[in-house]
Amino acid sequence: MVGAGLVVIGVGIGIGRIGGSAMDAIARQPEAYGKIQTAMLIAAALIEGIGFAALFAVS
Amino acid sequence: MRQKKLFNLLTTLLLLIAFQVNSQHEETQEAKELDTAEAGKEARKEYIQHHLLDSYDFNLFSIKQEDGTSKHIGSPLPIILWDNGLQIFSSSKFHHGETVAENNGNYYKIDHNKIYKTEADGVIHYDESHHATNAKPLDFSITKSVVMIFLTGLLMFLLFAGLAKSYVKNGGIASGAGRFFEPIVLYIRDDIARPNIGEKHYRKYMGYLLTIFFFIWFLNMFGLTPLGINVTGNIAVTFALALLTFLITNFTGKKDYWKHLFDPLGDSMPWYGKLPLYIILIPIELLGVFIKPFSLLIRLYANMQAGHIVLMSLIGLMFLFKSWFGSGMSFMLAFAISLIEILVALLQAYIFTMLSALYFGFAAEEHEHNEAH
């Protein structure tokens, strides 16, 4: 149970960092908005998958 | 003409809303009869569990009557079993899992959402770890999820066949629903398939990508209607979808795909240098072939399942507080989460399609050059 909590914290930090970095990138190069968003969503989905896997392993 | 269409749409919406209010009203009545908090908690858990699972009959909602028995509104579905020959009968024989069903002298009983073969008395035997030890016939029943998948397939077929016809009639210009779907189809072609698979091969995969996108999206959206049938939150369904992606990736894999698997370093190193590396590298690459579709199936399943659990738990708050304030709060939260879920429904369909396209890109890519990467 504690492990699941830790994993969720990690996933939160990870997705937060991806989102923040994507914001930085968009601010630097607004014309690459579409590409950055796609890459961001894929990375976020991959991390999210790990989080869910951990949650389901615990429950 | 247009006004009539709008009117039809509004009536449908109102009916849907009325239906939702109606079904929630029934839930409230049911919850009122639960005396203690503990019983209420158990009932909520069971209700959520029940909602997430597949079921042998299409039960819309249940009403508790004055004499204490429940009245179920819905329709039974066919049960198809392979047990010394084909056994086909209606799920109404089970009376919502409460009684033993008899067909051609065989007796069956539902336990924990699975059909077991029993004697005439319908007793199910358990071992120490509380698993049923009765024989389990092969089950090909048309369950609630299967009905929903058939309906979605039919809807998609009619919708897109109709769209294709309208394009021919109008000389390639979108009309009606086509104005909504054309940008989505173009987006999948130009922003998902083309950049990931490559200009040369993307055409071959378009049919599958479009099908899987709309199939997952529609099923996710149906899961959010008051019917709330959790099809994409069923691991068997997502397994089948991921299996398709897996098979297509590996059967359309070109020379370079297999070379990348078994000889990733290429000519950049002599064989005696590669040997110790490959003992580790090749198993990892092979494992990756299976992990990719596995992550697809877990992601879709877990996202949809989690979304439904959160929604149902928030609606369950209503019965925890049993006050106007609690109901209001639960309604507001459920409403907000529903909005997020609409986004998630689209996002998950998009991610699944996107990653499938990415994997197809690995399979279809061809190198003109000989350098390693």
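Start with the open sheet of 3 strands in chain B, whose order is 4-3-8 with antiparallel pairing. Strands here are DSSP runs of E, at least two residues long, and helices are runs of H or I, at least four residues long, both numbered from the N terminus. Two strands pair if DSSP finds at least two bridges between them. This is a predicted model: local features need pLDDT of at least 70, side-chain atom pairs count only at pLDDT 80 or more, and totals for chains, interfaces and linings use all residues. Residues are numbered from 1 along each chain as its sequence is written, while chains are lettered from A and ligands numbered from 1 in the order in which they are written.

**Stop 1**

Strand 3 runs antiparallel to strand 8 of chain B, and 2 bridges join them. Which residue of strand 8 of chain B is the bridge partner of Trp82(B)? Pick Leu138(B) to see that partner.

**Stop 1: the 5-6-7 sheet**

Move on to another open sheet in chain B. It has 3 strands in the order 5-6-7, again with antiparallel pairing. Strand 5 and strand 7 of chain B are its edges, each pairing on one side only. From one strand to the next, the twist averages 35°. Axes are lines fitted to C-alpha atoms, for helices over the stretch in contact, and angles run from 0 to 180 degrees between N-to-C directions.

Select strand 5 (residues 101–103) and strand 6 (residues 106–111) of chain B. They are antiparallel and share 3 bridges. Glu102(B) has Tyr107(B) as its bridge partner in strand 6 of chain B. Asn103(B) stands opposite Asn106(B) in strand 6 of chain B. The two strands form a hairpin with 2 residues between them, and Asn104(B) in the turn has a positive phi of about 50°.

**Stop 2: all of chain B**

Zoom out. Chain B holds 9 helices and 8 strands. Of its 373 residues, 23% count as buried. A residue is buried if 20 or more other C-beta atoms lie within 10 Å of its own, exposed if 12 or fewer, and partly exposed in between, with C-beta atoms placed from the backbone.

**Stop 3: the cores**

How many residues does the largest nonpolar core have? It has 45, and Ala193(B), Leu209(B) and Phe213(B) are among those with the most contacts inside it. Helix 2 (33–58) of chain A supplies at least two residues of this core, and so does each of several chain B helices, including helix 8 (271–321) and helix 9 (324–364). The largest share, 13 residues, comes from helix 5 of chain B. A nonpolar core is a set of buried Ala, Val, Leu, Ile, Met, Phe, Trp, Tyr and Cys residues joined through C-beta atoms within 7 Å.

Select Ala357(B). Leaving aside neighbours within four places in sequence, Ala357(B) is in contact with residues including Ile192(B), Ala193(B) and Tyr205(B). Two residues are in contact if their C-beta atoms, placed from the backbone, lie within 7 Å.

**Stop 4: where the chains meet**

Show chain A with chain B. Each chain gives 8 residues to the contact. On the chain A side, 6 are nonpolar, 1 is polar and 1 is charged. Ala, Val, Leu, Ile, Met, Phe, Trp, Tyr, Cys and Pro count as nonpolar, Asp, Glu, Lys and Arg as charged, and the others, Gly among them, as polar.

Select helix 2 of chain A and helix 8 of chain B. They pack at an angle of about 70°, with their axes 9 Å apart. That makes the two helices roughly perpendicular, a term for angles of 65 to 115 degrees. Residues including Phe52(A) and Phe56(A) meet a chain B set that includes Ile298(B) and Arg299(B).

**Last stop: Val310(B)**

Stay on helix 8 of chain B, where Val310(B) lies. Val310(B) is partly exposed, because 15 other C-beta atoms lie within 10 Å.

Conventions: Parallel < 35°, antiparallel > 145°, perpendicular 65-115°, else oblique.
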